[in-house]
Protein chains: 2
Amino acid sequence: MGRWEPDARERLVRAALDLFAEQGYDNTTVAKIAERAGLTKSTFFRYFPDKREVLAAGQDTLRELIEEGISAAPATATPLATVSAALEAAAEAFTPERRDLGEKMRAAIAGSKELQERDALKRLGLTSAIADALENRGVDEVTASLAADIGVLALKRAQFYWSQSTNQKTFRELALRSLDELRATSIALR
Amino acid sequence: MGRWEPDARERLVRAALDLFAEQGYDNTTVAKIAERAGLTKSTFFRYFPDKREVLAAGQDTLRELIEEGISAAPATATPLATVSAALEAAAEAFTPERRDLGEKMRAAIAGSKELQERDALKRLGLTSAIADALENRGVDEVTASLAADIGVLALKRAQFYWSQSTNQKTFRELALRSLDELRATSIALR
């Protein structure tokens with residue numbers, strides 16, 4: 001199976017996000033999502049355990065890309081340079097065709113407390129993944145944890161900017177710019 | 001009602017944490033928790049909507065203390081000095097009599113994915129509260145977000161050290177030391 005299972009999986013995600021926007025998250029059933037995608041409920045459950053998990057679509061891919069980016073970084077790279085390599089690798093998942101998905105996802109999250117929790121947990125999972133990967137490279141735990149936090153904050157900011165339809169920059173540019181901004185801020189903090 | 005509702009509420013928390021440790025979180029019912037505390041199920045539900053929320057005990061108090069600490073900080077305090085004031089205020093909640101509760105809570109969290117999620121969301125709630133309070137003081141959003149992150153990381157580390165029975169330092173000392181360590185790390189990050 002390809003990384004993004006482009007067909008059924010992406011159709012289900014799009015259908016779900018459209019329905020969340022049209023009628024709210026709470027009023028959307030799995031049956032409705034499957035119907036809108038032109039698929040069966042059992043196909044839905046092949047991809048997702050429940051409707052909340054639609055939001056996690058791509059999360060595993062993102063983590064894999066990040067972990068690959070970190071392993072590929074030179075051994076001499078500083079912790080933040082390693083995080084930067086992770087973000088550049090992650091940028092691969094944010095293709096121009098997916099920009100509208102990002103916008104819909106953001107709208108759905110804004111409208112549902114349950115999705116906000118799911119989103120928060122997703123970010124925490126990524127933070128741990130980055131911190132663990134840095135520790136495996138010999139970075140001490142405090143630095144790894146802080147660098148991971150900064151990386152995920154940069155990712156979050158980049159996702160926010162990227163999902164705005166008026167924004168025409170690539171995800172990579174936005175992620176690196178956000179990271180630079182956070183790095184400058186962390187150095188200026190007293 | 002006092003801040004910590006010391007009697008029924010704290011008895012329920014202790015009973016729940018003991019049962020989580022003895023028989024696991026999944027196998028512990030609200031009825032058993034109430035019974036162990038010598039109280040009724042309906043008393044339990046006056047304090048907590050469900051057993052997971054036992055973990056959130058003290059969360060509102062902690063947020064209030066943090067917010068009070070931030071408002072009481074001098075207007076000229078830097079963002080991290082303000083966070084430091086917040087941690088000193090938060091330390092009030094971590095009295096010597098509660099040290100064993102911290103240890104039990106940590107054990108319960110380690111043993112249950114559901115409690116790990118609850119704990120993660122609790123920390124995110126505190127992060128937003130600190131970031132919002134800093135923004136209200138005129139700190140820009142990026143700095144506020146990063147300073148709040150560092151503050152909650154310091155709190156988390158202090159809680160970890162404090163809950164170890166071999167540790168005899170006060171929570172205040174542990175929190176300020178953790179914050180100093182994170183501040184030094186953030187300055188050293190490149």
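In this predicted model, the contact between H1(A) and H2(A) brings Arg11(A), Leu12(A), Ala15(A), Ala16(A), Asp18(A) and Leu19(A) of H1(A) against Lys32(A), Ile33(A), Arg36(A) and Ala37(A) of H2(A). By class, the residues of this contact comprise six nonpolar and four charged, with no polar ones. Helix H1 spans residues 8-23 of chain A and helix H2 spans residues 30-37 of chain A; their axes lie 8 Å apart and the angle between them is about 120°. Angles over 145 degrees count as roughly antiparallel and those of 65 to 115 degrees as roughly perpendicular; H1(A) and H2(A) are therefore oblique to each other. The crossing in which H1(A) passes H2(A) is right-handed.

The axis of helix H4 (residues 59-72) of chain B comes within 7 Å of that of H5(B), and the two cross at roughly 135°. H4(B) and H5(B) are therefore oblique to each other, and H4(B) passes H5(B) in a right-handed crossing. On the side of H4(B), the contact is made by Leu62(B), Leu65(B), Ile66(B), Glu68(B), Gly69(B), Ile70(B) and Ala72(B), while H5(B) contributes Thr82(B), Ala85(B), Ala86(B), Glu88(B), Ala89(B) and Ala90(B). These residues divide into nine nonpolar, two polar and two charged.

The other partner of H5(B) is helix H9 (residues 171-188) of chain B, and here the axes come within 9 Å and cross at roughly 160°. That angle makes H5(B) roughly antiparallel to H9(B). The crossing of H5(B) and H9(B) is right-handed. From H5(B), Leu80(B), Val83(B), Ser84(B), Leu87(B) and Glu88(B) meet Arg172(B), Ala175(B), Leu176(B), Leu179(B) and Arg183(B) of H9(B). Six nonpolar residues, one polar residue and three charged residues make up this contact.

The contact between the chains takes 22 residues from chain A and 22 residues from chain B. On the side of chain A that touches chain B, the elements giving two or more residues are helix H5 (79-90), helix H7 (113-136), helix H8 (141-162) and helix H9 (171-188) of chain A. H8(A) provides the largest share of that side, seven residues. By class, the side of chain A that touches chain B holds twelve nonpolar, five polar and five charged residues. Of the interface residues of chain A, 100% are also interface residues in chain B, so the copies meet through the same surface.

It remains to consider the predictor's confidence. The mean pLDDT of chain A is 89, and 96% of its residues reach 70 or more. Over residues 1-5 of chain A, however, pLDDT stays under 50, and the model has five contacts beyond four places in sequence for this stretch. Where pLDDT is low, the predicted coordinates should not be read in detail. For the complex, the predictor gives an ipTM of 0.71 and a pTM of 0.80.

Notes
Residues are numbered from 1 along each chain as its sequence is written. Chains are lettered from A and ligands numbered from 1 in the order in which they are written. This is a predicted model: local features need pLDDT of at least 70, side-chain atom pairs count only at pLDDT 80 or more; totals for chains, interfaces and linings use all residues. Two residues are in contact if their C-beta atoms, placed from the backbone, lie within 7 Å. Axes are lines fitted to C-alpha atoms, for helices over the stretch in contact, and angles run from 0 to 180 degrees between N-to-C directions. Helices (H or I, at least four residues) and strands (E, at least two) are DSSP runs, numbered from the N terminus. Angles under 35 degrees count as roughly parallel, over 145 as roughly antiparallel, 65 to 115 as roughly perpendicular and the rest as oblique. A crossing is left-handed if the near helix is turned anticlockwise from the far one by less than a right angle, and right-handed if clockwise. Ala, Val, Leu, Ile, Met, Phe, Trp, Tyr, Cys and Pro count as nonpolar, Asp, Glu, Lys and Arg as charged, and the others, Gly among them, as polar. pLDDT is the predictor's confidence in each residue, from 0 to 100.
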